Amino acid sequence: MSDRPHPILVAIAALVYLFLMVPLVIVVGAALSDTTYLTFPPQGLSLRWFENIFAISAFRRTIVTSLQIAFLGTLFALLIGIPAAYALNRFRIELPKWLGTLFVLPILVPEIVFGFALLKSLTVGAGVPIFLALLVGHTLLVLPYVVRVISASLASFDFSIEEAAISLGSAPVKTFFTIVLPNVRAGVIAAFILAFITSLNDVSVSLFLTGPGISTLPIQILAHVEQFFDPTVASVSVLLMFLTVAVMAIVERTLGLTFLAK
Amino acid sequence: MTSRRFWRRSGATGWALTAPATLAVIGLLIVPIGAVIAGTFMDPRGVFAPYISYFNSGFRTTVLFRTLQISALTTIISLIFGFMTAYVVSRAPGKLKSLLIVAAVFPLLTGVVVRAFAWLIILGRNGILNQTLLALGIVNEPLEMLYTQGAVIVGMVYLFVPLMVLSLVGVLENIPKDVLQASSSLGASPLATFWQVLLPLAVPGLIVGAVLVFTGSFTAYATPQLLGGERQTVLATLLQQRAMVSFDWVGASTIATIMTVITISIVLAMSHIARRINPMAT
């Protein structure tokens with residue numbers, strides 16, 4: 001085989017992977033340390049910094065808010081995104097091309113600008129409660145992922161199956177739920193997971209949409225790091241990584257991870 | 001029968017199904033951002049007054065150029081290492097390849113705050129790198145690595161290399177192996193095949209990756225905030241300060257407009273170039 005890469009290239013790739021993995025290993029090590037300051041390798045093993053997360057009420061509160069926002073935001077994005085993705089594929093000829101571009105716009109626009117615009121128009125301008133503004137922000141933030149992933153799975157769906165069902169007398173709405181949706185189930189699951197993680201990790205949109213008593217976990221982490229340099233943040237980070245691993249395991253079992261690389 | 005034909009033929013159903021998402025994007029994204037941009041041109045001092053005062057401020061123009069510089073360097077470094085890594089990954093045998101892809105996806109799914117925080121532990125004054133260098137006797141006193149441009153760039157490269165690798169693996173795998181085999185069987189050296197066949201075919205993918213990384217690092221907030229601090233203020237951190245600390249709405253809106261215009265121009269320009277180079281690229 002002549003296409004085996006040069007040893008130097010292999011060595012560089014190995015270093016890049018080392019560069020990617022080492023910082024994450026360090027965070028895990030620092031989280032387990034028994035010291036009151038951040039250090040690696042951990043000195044004495046302890047889980048007390050994990051307990052400390054839940055001892056700090058701001059972390060408890062923001063974990064709940066983040067999970068609520070991620071879940072509801074993803075749900076709303078699916079509710080408006082699935083019909084849109086379906087229509088974009090099913091009525092490809094009838095609908096203008098710019099409509100597809102419109103739904104990826106939230107990725108093109110800088111997230112931080114979007115967050116600021118929501119603060120200006122919703123929170124300050126219209127007096128919308130912060131939780132609701134956060135929900136709006138996160139719904140739109142994840143909408144492009146939902147539309148794209150589900151579109152990709154609809155692209156390989158044979159719409160003549162749907163037409164066959166309809167011409168045999170099945171109602172269009174019923175056909176959608178019994179024929180179309182089950183065929184793109186994998187896409188819906190992938191979209192849900194991708195959207196949920198994106199929302200959970202978001203900083204830039206949430207940055208401006210916080211107020212007294214309400215904030216998201218990443219914003220709380222940022223605030224904590226700027227005041228304290230103890231291993232609590234490392235523990236929260238590990239918690240988030242665990243969540244990611246769990247989610248990846250689910251994706252792997254249902255779809256295979258290469259799905260995400262597309 | 002007529003209603004069924006209407007369902008099948010008319011775009012009305014399509015419009016109705018896309019309506020909620022369309023209205024949400026227009027009403028809750030385009031209109032609010034449009035209002036921010038429009039607001040900067042309604043200054044009582046004159047139409048372009050906020051921009052004139054922005055570019056008259058030495059500090060603020062420095063911030064703009066620093067942000068552009070950091071993004072450009074991040075993009076170039078990520079392109080070089082991302083491309084080499086993606087090439088090795090795309091040529092790896094099946095099992096190893098999926099493992100390598102998983103290893104690149106994982107950091108991508110870990111939040112930006114977590115990934116910036118990791119570098120805070122490494123680069124800090126009493127961080128791991130300083131401790132190691134002191135222990136080895138390479139330096140006599142801890143180096144000031146945090147709050148430098150280098151720290152921000154390292155953090156950003158860390159953020160974006162996985163993205164570059166994943167998008168380029170897809171591109172490289174789509175290049176038919178026959179083309180490369182044809183090149184080498186016709187006598188081209190591996191180096192010539194790389195430069196004259198593989199690289200040109202990968203250019204559209206490289207452009208897409210570069211746009212992703214450039215716009216991502218141009219608008220990133222958490223990494224420059226944690227690793228750069230006030231000394232390395234970039235547009236995103238300046239926007240946050242103007243809005244949340246100084247309550248300077250016009251100033252913040254001006255920065256937001258500059259960021260939006262630059263980001264969208266780059267995306268449009270590069271996708272135009274990518275399409276001209278390779279009409280098959282989307």
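Biologist: What radius of gyration does chain B have, against a compact globule of 282 residues?
Modeller: Chain B has 24 Å, whereas a compact globule of 282 residues would be near 19 Å. The radius is taken over C-alpha atoms, and the globule rule is 2.2 Å times the number of residues to the power 0.38. This is a predicted model, in which local features need pLDDT of at least 70, side-chain atom pairs count only at pLDDT 80 or more, and totals for chains, interfaces and linings use all residues. Residues are numbered from 1 along each chain as its sequence is written, and chains are lettered from A and ligands numbered from 1 in the order in which they are written.

Biologist: What does the C-alpha trace of chain B span along its principal axes?
Modeller: About 85 × 70 × 30 Å. For chain A the spans are about 70 × 65 × 30 Å.

Biologist: How many helices and strands are there in chain B?
Modeller: Chain B has 13 helices and 0 strands. Chain A has 11 helices and 0 strands. Helices (H or I, at least four residues) and strands (E, at least two) are DSSP runs, numbered from the N terminus.

Biologist: How much of chain B is buried?
Modeller: Buried residues are 44% of the 282 in chain B, and 47% of the 262 in chain A. Buried means 20 or more other C-beta atoms within 10 Å of the residue's own; 12 or fewer is exposed, in between is partly exposed, and C-beta atoms are placed from the backbone.

Biologist: Switching to the two chains. How many residues are in contact between chain B and chain A?
Modeller: 72 residues of chain B contact 73 residues of chain A. Contact means that the C-beta atoms, placed from the backbone, lie within 7 Å.

Biologist: Which helix of chain B gives the most to that side?
Modeller: Helix α2 (residues 11–40) of chain B, with 16 residues. The side of chain B that touches chain A has 53 nonpolar, 16 polar and 3 charged residues. Ala, Val, Leu, Ile, Met, Phe, Trp, Tyr, Cys and Pro count as nonpolar, Asp, Glu, Lys and Arg as charged, and the others, Gly among them, as polar.

Biologist: Now packing inside chain B. At what angle do α5(B) and α8(B) pack?
Modeller: Helix α5 (residues 94–109) of chain B and helix α8 (residues 149–173) of chain B pack at about 140°, axes 9 Å apart. Axes are lines fitted to C-alpha atoms, for helices over the stretch in contact, and angles run from 0 to 180 degrees between N-to-C directions. The pair is therefore oblique; under 35 degrees is roughly parallel, over 145 roughly antiparallel, 65 to 115 roughly perpendicular, and the rest oblique.

Biologist: Which residues meet there?
Modeller: Among them are Ile101(B) and Leu108(B) in α5(B), and Pro162(B) and Val169(B) in α8(B). By class, that contact has 10 nonpolar, no polar and no charged residues.

Biologist: And α4(B) with α8(B), at what angle do they pack?
Modeller: Helix α4 (residues 58–91) of chain B packs on α8(B) at about 40°, with axes 6 Å apart. That makes α4(B) oblique to α8(B) as well. This contact has 20 nonpolar, 6 polar and 1 charged residues.

Biologist: What does Ala252(B) touch?
Modeller: Not counting residues up to four places away in sequence, Ala252(B) touches Phe116(A), Leu239(B), Arg242(B) and Ala243(B).

Note on methods. Contact = placed C-beta atoms within 7 Å.
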